[in-house]
Amino acid sequence: MTPLIAGIFVASLLGSLHCAGMCGAFLALAVTPDEESRVGKASLHVAYNAGRLCSYTTLGLVAGLVGRSLDLGGEMVGVQRAAAIGASLIMIGFGLIAVARAQGYSIRRLHPPRALQAAVQKAYAAAGAWSPLGRAYAIGLLTTALPCGWLYAFVLTAAGTGDPLSGALAMAAFWLGTLPVMAALGVGLQSLFGPMRRHLPMATALLLVIVGVISLAGRVRHMRESAAISEVFCHGG
Amino acid sequence: MAAEATLASPVRRAKALCRHCNLVVPPGLIDPARDDQFCCHGCETAYSIIHTCGLERYYELRQQLDDRAPAPGTDRTYNDFDDDTFRRLHTRQIGPLTRCELFLHGVHCSACLWLIERLPRMVKGLVEARLDLRRGIVDLAWDDRVVKLSQIARTLASIGYPPQPARDRKSRAHRVAEDRRQLTRLAAAGAIAGNVMLFALALYAGIFDAMDPSHRTMFRWMSMVLTVIALVWPGAVFFKSSWVAIRTRTPHIDVPIALALGAGGLWSVFTTIKGSGEIYFDTVSVLVFALLAGRFFQSRQQRASADDVELLFSLTPSSARRVEGDATRDVPIESLQPGDLVQVLAGDSLPCDGEVDSGDSLVDESLLSGESRPVRVTTGDRVAAGTLNISAELFVRVQTVGESTRVGQLMRLVADGTQRKAPIVRFADVVGAWFTLGMLALAALTLGLWLWLDPLHAVDHAVALLVVTCPCALGLATPIVITIATGRAARRGMLIKGGDVIQSLSKPGVMILDKTGTLTTGGLSLVAWHGDDSVRALVHAVESTSTHPVAKALARDLTDPHAAPVRVTSTNQILGRGIEAVAAGQRVVIGSLSFVSTLARVTLEHADLARRWAAEGITPILVAVDGVSVALAALGDGVRPEARATLDELRRRGWQLHIASGDHQDVVTRVGSTLGFTLEDCLGGLSPEAKLALVERSKASLDPRSGRRLVMVGDGVNDAAALAAADVGIAVHGGAEASLAACDVYLSRPGIGSILELFDGCGRSMHVIRRNLWVSLFYNTTAAAIAVAGLLNPLIAAIVMPISSLSALAVSLKSRTFADHRSQSVLDPGSRS
């Protein structure tokens, strides 16, 4: 578990420039105080990031539950740890597709449903009318509603843990990794990262593969260990 | 979740950036059929959300951060930077590299920092560019064989930071060294305080769990050694300054501080050596650190304003075009010699005092004389350095350069004025004097009382009292209030150079205001119109064809967005007299009375009015259509819109106001009367020296004990000496940035509109300082009572002292002195970042 959490954190930290680019606008919207309100920028930052944390961990929890049910279903038909292996493989697949794209191979994207997009737009517009603190929190919550491949790759990993709590923990680690960049945003950070940006697509693609491999390796080792334990039990008994 | 993959061989496509996040789009995702490219669905969705929410301005803002829009480049060649004289004066050779410090205009944020420090990648041969953001000075290192400094300078100018040599390198090196010394002292005091606190914690804990006596002794000795170091090295500043204060008999807050530190330190050393009794090493070392920290921030703040003196050099150009044979060459002004011939283009400042050799132009001398109207110069006329050549090219024979020019002499007056300024006794210092006396009296009382009650602990209690009454809240919180107030004021566009200013401006006094550029706009504008309104559009059309300052002012002020465009077919301009044109089929003549009367019939009424206006100091311009004068326009120096309301409010608050101007008395009287001044309060025709004398006379007539101060408000170089001599000099934006050097407050917004805000902020800051005094007084009396009662031990001292400082600090931080600067809203399309 620990290597996976650490891996997620490091991957998220390194890839968080993507988050800065994508969510920068929403962050700016969230942390802009109203002219007459007395709420400070710092509290808005806290509210926004708290919103993100809640949203991420809830998603992780749900993903963990789904993974758990997959595992249970798999066990019934005799497949151990179906969720973990499936998730890891899909993750590696995602990563490889991204590597290919970064290399210039054309691979078409799946389009998210239009209805979802419209709903998200409405939700953002509604949040814009709230008080600054509520708005910041709501915009934070809504982050997960964006069809972000990077985020959902990690939700997949969370599902792979096959446990709601671990799933939530995995997403919390992801959140923690994005925190430095998101908190530092608004000071022209984009510019400061100038030279790094060119290699970002390749870097994030490789990170996905690495996290997938860590996750897979962890599961395989886990299976070996439980196999060894059951062996001991069988022979000992 | 398999994406439908069409694997083709990788195609090299043009690079694309994501429309939303500005990151590189993976080449495989570039859709050549679309205008906007996105790196992922998330970004595409985010982009559409941003648009539906009407927040497109976000991209605009980000763009500004990403690549600062290049400012209009100058056509200066900077060839003088390669001149030998320049190299000798400003550059130094270190190994294969040449180094130079340049002062950059327009540097203000971390984006500038990033851009400038990236410069070595843009200019081949430039090895290093380090920017000191606060001072706007860039330190360059380059290989002279690969690139010339002029080329680097041109690149800097082209990205919007025109450079000029940073001239007072020596004095700045000294200041940097002083800064470094202060920081080292602060760091040492901090490290010592931290360690002594650790020992103290162990000792306090030992009180409760019977500590091994040998350990206890060791900890006491170790804290003693460290605290003594803190007192003789970083803490020595307090003893030195209080020694000076005692010798010169000037009250100073450092005296009670040094007393507390000294008493606490010495007595603790004594008890440590003796092996029993209380020690105050923790309190003493923390006090040293906290006080030094407060002082460091304060001096940094003041330093920041002092550096603005650099702007003084923007007054005269750093280079000149010297005529050498048939060609001209850019040379630094240091290499100009009397007798040289220099070319001054329209729009340039004059580099030297001299005589016009050839050429015919208008020169704006308002910086030097306060005269609002440009002066016409021609062959044989004298011109002065620092004045602005407005309309045409001039060739000037150099007479004097540098310090001996008229502007140089004025600057010397400014420097003298700054030194002559009487030191204003600082508020905290006066209070500190009373503090010292009270403390000493109380300590004597405690000593006497306990000698009688319990002689063994008498000294202990007296020392405890001295330590606990250290006025650190005053010594710390007052500078912090001032630092925060000046910081906030600076963000509101008000640069305050010293804490004493805040005190001086918190009460009404006498104010002398300059006219040109301060109460008036300082340029030509339409102040009156008489006659047929229907010809306004005609005049606008005709004057729009000319670049003469009078024409420009008329064209600007007669603009009517609803008027139908008028076609101007032929124009004939006579420099300094007027213009003749055919517009909308009519013959139009616009110009001075003499010019128009030679070409058209001027009615008696118009001629009379023109003469009357001229006598009042405004310039009459006649308009004749088809041979008859039909209207009369008057150009003058227009009164600023906010001036009247501001002045009325100042009068209501009890300020005595006067106008002092270098302009003609009639003009001053006219402007004064529209602003509610009585005739005797309007003084015109004053030279810079006369203004200085006026300020000194008025200052002498004020009783220093009344708290009423003399405030001078001005903008030009002609005000600089008076600004420096006044109790408080306030320079307003718009005129010479050079007056910055002389003033105590610089208002970056044009006009006097922000003066009220400045005074309000100063009043509130003084209020906070007083409140701090009461807070610390409350703590100190409570603690003193405990000490007199003999109940104070080092633990209580260690708790009470920080609480007293921290609460005063918290009060200072939370209080509204100057309105806090709110970050600009992305949602507000009207605001510019």
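Predicted model: local features only at pLDDT ≥ 70, side-chain atom pairs only at ≥ 80, totals over all residues.
**Entry 1: chain A as a whole**

I started with chain A. I counted nine helices and zero strands there. Reading along the sequence, I wrote the pattern down as α-α-α-α-α-α-α-α-α. Then I looked up burial. Of the 237 residues of chain A, 46% count as buried. I also checked how far apart in sequence the contacting residues are. I took the contacts in chain A with a separation of 6 or more, and 83% of them join residues 24 or more positions apart.

**Entry 2: two helices of chain A**

Next I picked a pair of helices. Two packed helices are described by the angle between their axes and the distance between the axes. I looked up both values for helix α2 (residues 41-76) and helix α6 (residues 149-160) of chain A. Their axes come within 7 Å and cross at roughly 50 degrees.

Which residues meet where α2(A) and α6(A) touch? On the α2(A) side I listed A:L59, A:G60, A:A63, A:G64, A:V66 and A:G67. On the α6(A) side I listed A:V155, A:A158, A:A159 and A:G160. I sorted the residues of this contact by kind: six are nonpolar, four are polar and none is charged.

**Entry 3: chain B as a whole**

I moved on to chain B. It has 28 helices and 26 strands. Buried residues make up 45% of its 833 residues. For contacts in chain B between residues at least 6 apart in sequence, I found that 67% join residues at least 24 apart.

**Entry 4: a sheet in chain B**

Strands of a sheet pair through backbone hydrogen bonds, either parallel or antiparallel. I followed one open sheet of six strands in chain B. I wrote down the strand order as β16-β21-β20-β19-β18-β17, with antiparallel pairing. Which strands stand at the edges? They are β16 (520-531) and β17 (568-574) of chain B. Each has a single partner strand, so one side of each is left without a neighbour in the sheet. I looked up the twist as well: it averages 20 degrees from one strand to the next.

**Entry 5: strand β20 and its partners**

I zoomed in on strand β20 (residues 619-625) of chain B. I checked burial along this strand. Six of the seven residues of β20(B) are buried, so the strand is largely enclosed by the rest of the structure.

Then I took one partner, strand β19 (residues 586-591) of chain B. Four bridges join β19 to β20, and the two run antiparallel. I traced two pairs here. B:I590 stands opposite B:V623, and B:G591 stands opposite B:L622.

The other partner I looked at was strand β21 (residues 628-639) of chain B. How many bridges join β20(B) to β21? I found seven, and these strands also run antiparallel. B:L622 turned up again, standing opposite B:L632 in β21(B).

**Entry 6: two residues with positive phi**

I looked between the strands next. The hairpin of β20(B) and β21(B) has two residues between its strands. B:D626 is in this loop. Its phi is positive, about 50 degrees, although B:D626 is not a glycine. Is B:D626 buried or exposed? I counted 11 C-beta neighbours inside 10 Å, so B:D626 counts as exposed.

B:A584 also has a positive phi, near 50 degrees, and is a residue other than glycine. I placed B:A584 in the loop between β18 (578-583) and β19 of chain B. With 16 C-beta neighbours inside 10 Å, B:A584 counts as partly exposed.

**Entry 7: a contact across the sequence**

My last stop was B:A188, in helix α7 (residues 169-208) of chain B. B:A188 has 18 C-beta neighbours inside 10 Å, so I put it down as partly exposed. Which residues does B:A188 touch, not counting those up to four places away in sequence? I found B:W233 and B:P234. I then looked up the spacing of B:A188 and B:P234. The two are 46 residues apart in sequence and 7.1 Å apart in space, C-alpha to C-alpha.

Definitions and conventions: Residues numbered from 1 in each chain as written. Chains lettered and ligands numbered in written order. Axes fitted to C-alpha atoms, helices over the stretch in contact; angles between N-to-C directions. Contact = placed C-beta atoms within 7 Å. Nonpolar A, V, L, I, M, F, W, Y, C, P; charged D, E, K, R; others polar. Buried ≥ 20, exposed ≤ 12 C-beta atoms within 10 Å, placed from the backbone. Pairing = 2+ DSSP bridges.
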